Amino acid sequence: MGFMVAAYLVVWAGLFLYVFWLARKSRKLAEEVKALREAIVRRGHE
Amino acid sequence: MKFLLTTGAIVRKDILLEFRTKELLVSMLLFALLILVILNFALGTGSAPAEGALPGVLWVTFTFAGVLGLNRSFLTEHESGGLHGMVLAPVDCEAIYLGKMLANFIFMGVAEAIVLPIFAVLFNFPILGRLPALLMVLALGNLGFTAVGTLLSAMAASSRMREVLLPIILFPTAIPVIVGAVNVTGRVLAGEPLAHSVPWLKLLGAYDTIFLVVAILVFGYVIEE
Amino acid sequence: MISRALEGWSRGLAAAAAVLMVLAVLAVALYAPIEREQGLPQKIFYLHVPSAWVMFLAFFFVFIGSVRYLWKKDPAWDTFAYCCAELGVLFCTLVLATGPVWGKATWGAWWTWDPRLTLTLILWLIYSGYLILRASAASEEQAARFGAVLGIVGFADVPLIHFSVLWWRGMHPAPVIGLGGVQGGGLHPAMLYTLLLSLVAFTALFLSLLGLRIPLRRAEMEMRDVRRLSTFTQT
């Protein structure tokens with residue numbers, strides 16, 4: 001019983017970890033886009 | 001015709017370069033010898049490793065020394081800009097690949113030819129009676145390893161990791177060659193006639209053919225700029 | 001093309017995948033019979049086999065993407081190949097994680113050099129090498145080109161590795177992960193249906209993960225270009 005549960009846990013954990021990792025990448029990209037946008041606006045005002 | 005001339009020119013160039021410095025062969029041989037010695041200690045608590053391990057010992061030695069050779073083959077090209085020159089010259093990239101591959105095959109072959117008797121002496125293994133069959137396995141294994149190795153080392157040499165990358169991408173790809181070669185070598189050393197190993201020989205032959213063809217088709221994309 | 005289609009259908013696909021995965025788990029827990037010889041651990045089969053199927057599918061897609069990229073030099077196909085390779089390695093890892101657990105539960109040994117698991121291990125090494133090769137390339141263009149070459153070489157190797165490992169194993173017979181008493185005959189119908197459902201669910205999962213990964217990868221590549229441009233225009 002324990003083995004089966006372990007296997008299922010590992011698979012689901014692996015899949016969720018991957019999705020979380022993708023979400024983190026996405027968030028970092030969004031932040032970078034925001035920073036660039038602000039830099040452009042600042043540059044426009046100079 | 002020009003194709004063959006180009007191939008021949010590249011083989012000649014590499015062999016001549018090596019004749020002058022002898023760096024590659026000397027380092028390959030020393031390295032091979034070192035591996036033989038280390039494996040001897042690593043594999044046996046008795047006076048010598050188990051007989052079953054001997055074909056593996058031989059091929060591990062060839063493989064590691066072979067990687068050394070493959071690395072040097074393209075690294076010097078990369079550093080001296082030789083690859084640039086070859087790419088710019090109006091020659092078929094397939095000829096470049098074949099030339100490089102043949103040169104590598106010859107170097108590895110020479111190294112194997114010298115390591116084999118040393119192996120026979122160090123491990124007290126009589127090989128004279130089985131020489132023809134043994135040479136055939138060596139050639140088939142060498143060909144497969146060199147065919148893929150030349151292609152992959154061209155990539156490794158151009159990457160940021162350089163020579164460290166080659167074992168990482170070459171070894172897993174070359175596993176069928178190693179498994180097949182070790183198997184047939186084992187049978188040959190045990191005195192079995194080659195006829196017993198036909199499926200394995202077919203596998204080695206298939207590997208050699210498939211990857212020669214793939215490499216020829218794809219090499220152009222590796223060296224293009 | 002495929003990636004654009006995935007974006008449009010992405011949400012629907014993700015929802016369908018989620019539903020199918022839940023259904024599959026329910027089927028495994030409630031519908032699939034407990035195998036006589038192996039007992040409960042045999043149900044790992046419904047994770048292990050679909051993961052392996054997805055892994056092979058992914059690496060096949062890498063091959064297709066690699067060939068098309070070298071042929072047409074279309075970066076969309078390279079993006080497709082890269083994302084499939086990443087997902088392929090992920091599912092490959094899942095196969096390598098579930099296999100030994102199943103083996104330990106059934107035979108008491110984590111690893112028996114079972115031909116299929118060994119093939120999976122070697123594939124893991126090859127395609128991890130693919131990712132490393134791409135990461136250490138001198139330029140994005142080189143990464144795409146070299147990746148494509150390795151993507152082709154790696155897949156061409158699969159049948160050769162399969163036979164070499166199988167025959168080698170044939171010389172050292174030992175427990176092979178299988179369906180125990182079911183190997184010779186057919187699958188019990190309930191097991192077959194559960195397996196098919198799991199296969200469909202995992203495939204849908206793979207496609208929806210692809211639908212997530214590809215746009216993200218494209219955005220990453222664009223951001224890299226933008227970053228490079230911005231450093232040029234700063235001074």
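These legends walk through a few close-up views of a predicted model.

**View 1. Chain B is built from helices.** Here we look at chain B by itself. Its secondary structure amounts to nine helices and zero strands. Start at the N terminus and the elements read α-α-α-α-α-α-α-α-α.

**View 2. The overall form of chain B.** The C-alpha trace of chain B spans about 55 × 35 × 30 Å along its principal axes. Of the 225 residues in chain B, 46% are buried. Take the contacts in chain B between residues at least 6 apart in sequence: 81% of them join residues at least 24 apart.

View 3. Chain B has a mean pLDDT of 88, with 97% of its residues at 70 or more. Among its elements, helix α7 (residues 165-173) of chain B has the highest mean pLDDT, 96. The lowest, 73, belongs to helix α4 (residues 82-88) of chain B.

**View 4. Chain C meets chain B.** Zoom in where 27 residues of chain C are in contact with 25 residues of chain B. On the chain C side, α4 (115-135) and α5 (140-170) each supply at least two residues. The most comes from α5(C), with 17 residues. Sorted by class, this side of chain C has 20 nonpolar, five polar and two charged residues.

**View 5. Chain A meets chain C.** This contact takes 16 residues from chain A and 22 residues from chain C. The chain A side divides into twelve nonpolar, two polar and two charged residues.

Terms used: Residues are numbered from 1 along each chain as its sequence is written. Chains are lettered from A and ligands numbered from 1 in the order in which they are written. This is a predicted model: local features need pLDDT of at least 70, side-chain atom pairs count only at pLDDT 80 or more; totals for chains, interfaces and linings use all residues. Two residues are in contact if their C-beta atoms, placed from the backbone, lie within 7 Å. Ala, Val, Leu, Ile, Met, Phe, Trp, Tyr, Cys and Pro count as nonpolar, Asp, Glu, Lys and Arg as charged, and the others, Gly among them, as polar. pLDDT is the predictor's confidence in each residue, from 0 to 100. Helices (H or I, at least four residues) and strands (E, at least two) are DSSP runs, numbered from the N terminus. A residue is buried if 20 or more other C-beta atoms lie within 10 Å of its own, exposed if 12 or fewer, and partly exposed in between; C-beta atoms are placed from the backbone.
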